[in-house]
Amino acid sequence: GITESEAKIKAQELHENFGVQKNWHNPYIRFGTNTILTFQDKSKEDRVLEGNDIAYVDIGPIIDGVEGDVGCTLVFGENKLFHSLKLQSEKIFSLGVEFWRNENPTGIELYEYIKKQTEIAGFLFNLNPAGHLIGAFPHKGWKEGLNTYPYCPEPGYWILEIQIRDKKEPYGAFFEDVLLCM
């Protein structure tokens, strides 16, 4: 019964309760058909979270002057498509990390692999730019997506972002976490 805008206010309140005073990006919270929207897209409708629904949350808190960035998909109810989207976004992330560790690819090669894995899973990759560098706020370095980075990621804290969508239905899933390059 909560709207996306109400959920964003709740996220801000939770951040404040945990001592997070600043975010390097506002929380992105999407419900239902808005889950196909990226961080660049503006919602045309302030969707209400239903009992049988899909949602994603993407937060970027700054803690002790250092940026964080994490995102995940939540599924409410038993919709098989929603559960599959969530599971596959997490699996594709794990496959991307494994490929990165084993092959030492450029950012471009990494995301070409991720797009291929998304197709194998039966979904469409739905994010451009995708992935980025974080660090001390404000972060310096490569400002474009990791998916356009023509080198092997240098040491630092890179964020690997996965956003997929169904080929027919207007629903998607999002997962991101740190890809630590040492």
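**Pocket, helix and cysteines in a predicted model**

About 260 Å³ of space lies in the largest pocket of this predicted model.

Q: Which residues are the closest to the centre of the largest pocket?
A: They are Trp24, Phe39, Gly131, His132 and Glu161, out of 17 lining residues.

Q: What do β1 and β6 supply to the lining of the largest pocket?
A: β1 (22–31) and β6 (132–134) each bring at least two residues. β1 gives the most, with three.

Q: What classes of residue make up the lining of the largest pocket?
A: Seven are nonpolar, five polar and five charged.

Q: How do you know that Cys72 counts as partly exposed?
A: Its relative accessibility is 29%. Partly exposed runs between the buried limit of under 20% and the exposed limit of over 50%, so Cys72 belongs there.

Q: How does the reach of α3 compare with what is expected?
A: Helix α3 (residues 107–120) has 14 residues and reaches 20 Å from first C-alpha to last, close to the expected 20 Å at 1.5 Å a residue.

Q: Why do the buried residues of α3 line one face of the helix?
A: Those residues are Gly107, Leu110, Tyr111, Ile114, Gln117 and Thr118. Seen down the axis of α3, they fall within an arc of 115°, so they line one face. On the other side, Glu112, Lys116, Glu119 and Ile120 are exposed.

Definitions and conventions
Residues numbered from 1 in each chain as written. Predicted model: local features only at pLDDT ≥ 70, side-chain atom pairs only at ≥ 80, totals over all residues. Heavy atoms only, no water. Buried < 20%, exposed > 50% of the residue type's maximum accessible area, 1.4 Å probe, protein only. Helix = DSSP H or I, 4+ residues; strand = E, 2+ residues; numbered from the N terminus. Expected span 1.5 Å × (residues − 1). Arc of directions from axis to C-beta. 1 Å grid on protein atoms, 1.4 Å probe; cavity = no way out; pocket = protein on both sides within 12 Å on 5 of 7 lines; lining within 4 Å. Points joined across faces, edges and corners; volume = space filled by probe spheres on them. Nonpolar A, V, L, I, M, F, W, Y, C, P; charged D, E, K, R; others polar.
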